[in-house]
Amino acid sequence: MDKKNKTLGEFIIENQSEFQYSTGELSKLINAIRLAAKVVNHEVNKAGLIDILGEAGDTNVQGEDQQKLDVLANEKFIQALRKREIVCGIASEEEDDFITINSQDENHQNKYVVLIDPLDGSSNIDVNVSVGTIFSIYRRITPVGTPVTLEDFLQPGKNQVAAGYVVYGTSTMLVYTTGHGVNGFTLNPAIGTFYLSHPNMEFPETGKIYSVNEGNYVHFPQGVKNYIKYCQEEEGDRPYTSRYIGSLVSDFHRNMIKGGIYMYPKSSKASNGKLRLLYECNPMALIAEQANGKASNGNQRILDIQPSELHERVPFFCGSKKMVEKAEEFMK
Ligand code: P6P
């Protein structure tokens, strides 16, 4: 079959034997993400109308109470994952603590934990800028048959069995990896089907785009300031282009296709930067490495970091390998 016309469902079935664990388990996990992504996509795409449609009162057209979209996205992903009888626990940016999923079978036979940022960049919704969902999947490390514990969530990113994102942009795409490369699927909203549109996605080894909030420049460490000036100098293939959407998933996605580096450094205002290790940096770092890119906190591989708490933040430098390495040189 022509690779390009393959649906996500066909792709999962054709590639599930690569999944190191039970073949059916991966399908259930990705299918749960797929379903929730379609539901959230529907809500995000009419976000601008909700206020108008909601003028009739406190409810929207479906008669549901109006909810902030990130709360709604959180509920939709948790609901989809809970139903699949495959996940024993979920952690989310929207939840202070992790959620234990009690399987119907009280022996807690479910083997996977999922960590999500249900709607990253949600503040952009009000200005019609693309947003995304980020997900990270691990096998539990505590014994199956016992309630999930915090230890199951505080695993280094290199232990992830799958990771991906949904970008709700000019088109909606699901991009994910199970450790065998990165593939991108575009949603045909007319029929609600994701099609393989970007097989084997890879970061160009270098690029000419740097993404950072330069409004924080004066607060950055000197090494970061020096790298930003390096990007702006008239020399060789520079100056680079500055592109910063304020939505990690969108900046990452563009840089993976065109080549570039995304940076959220620490600063005098945020000693560990802003991005969360467990459900933003780790999944994006796995995707980056699977796409021949690189992801570090400035001096350490993101995927090697041993987490100490659920919502911890880390500085984040991610994208084309040579650009991340150059940035690290300036920060040594
Ligand atoms: P700032 C969105 O809130 C987010 O987590 C990322 O998606 C985005 O890249 C970053 O924060 C933007 O943060 O401080 O530059 O507005």
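Where does N200 lie? In this predicted model, N200 is found in the loop between β8 (193–198) and β9 (209–211). N200 is not a glycine, yet its phi is positive, at about 45 degrees. Its relative accessible area is 49%, so N200 counts as partly exposed.

**Other backbone features**

N128 is also not a glycine and has a positive phi, of about 60 degrees. The loop that holds N128 runs between β3 (112–120) and β4 (131–139). N128 counts as exposed because its relative accessibility is 72%, and the cut-off for exposed is over 50%. A cis peptide bond links R238 to P239, with omega near 10 degrees. P239 belongs to the loop between α6 (222–232) and β10 (241–242).

**The ligand site**

The ligand sits in the second largest pocket. Around the ligand are D120, G121, N213, Y244, G246, S247, L248, Y262, Y264, K274, L275 and E280.

**Strands β11, β12 and β13**

Y264 also has a place in strand pairing: Y264 stands opposite F316 in β13. Strand β11 (residues 261–264) and β13 run antiparallel and are joined by four bridges. Strand β12 (residues 293–296) is likewise antiparallel to β13, with four bridges between them. In that pairing S296 stands opposite F317 of β13. Strand β13 (residues 316–320) is mostly covered, with five of its five residues buried. In a regular strand, side chains alternate between the two faces of the sheet.

**Helix α8**

E280, one of the residues around the ligand, is among the buried residues of α8. Why is helix α8 (residues 277–290) described as largely enclosed by the rest of the structure? Of its 14 residues, 12 are buried, so the rest of the structure largely encloses α8. The buried residues are L277, L278, Y279, E280, C281, N282, P283, M284, A285, L286, I287 and A288. An α-helix has 3.6 residues a turn, so residues three or four places apart point the same way. Just after α8, N292 takes a positive phi of about 60 degrees.

Methods
Residues numbered from 1 in each chain as written. Predicted model: local features only at pLDDT ≥ 70, side-chain atom pairs only at ≥ 80, totals over all residues. Heavy atoms only, no water. Buried < 20%, exposed > 50% of the residue type's maximum accessible area, 1.4 Å probe, protein only. Helix = DSSP H or I, 4+ residues; strand = E, 2+ residues; numbered from the N terminus. Pairing = 2+ DSSP bridges. Near = heavy atom within 4 Å. 1 Å grid on protein atoms, 1.4 Å probe; cavity = no way out; pocket = protein on both sides within 12 Å on 5 of 7 lines; lining within 4 Å. Sits in = over half its atoms within 2 Å of the grid points.
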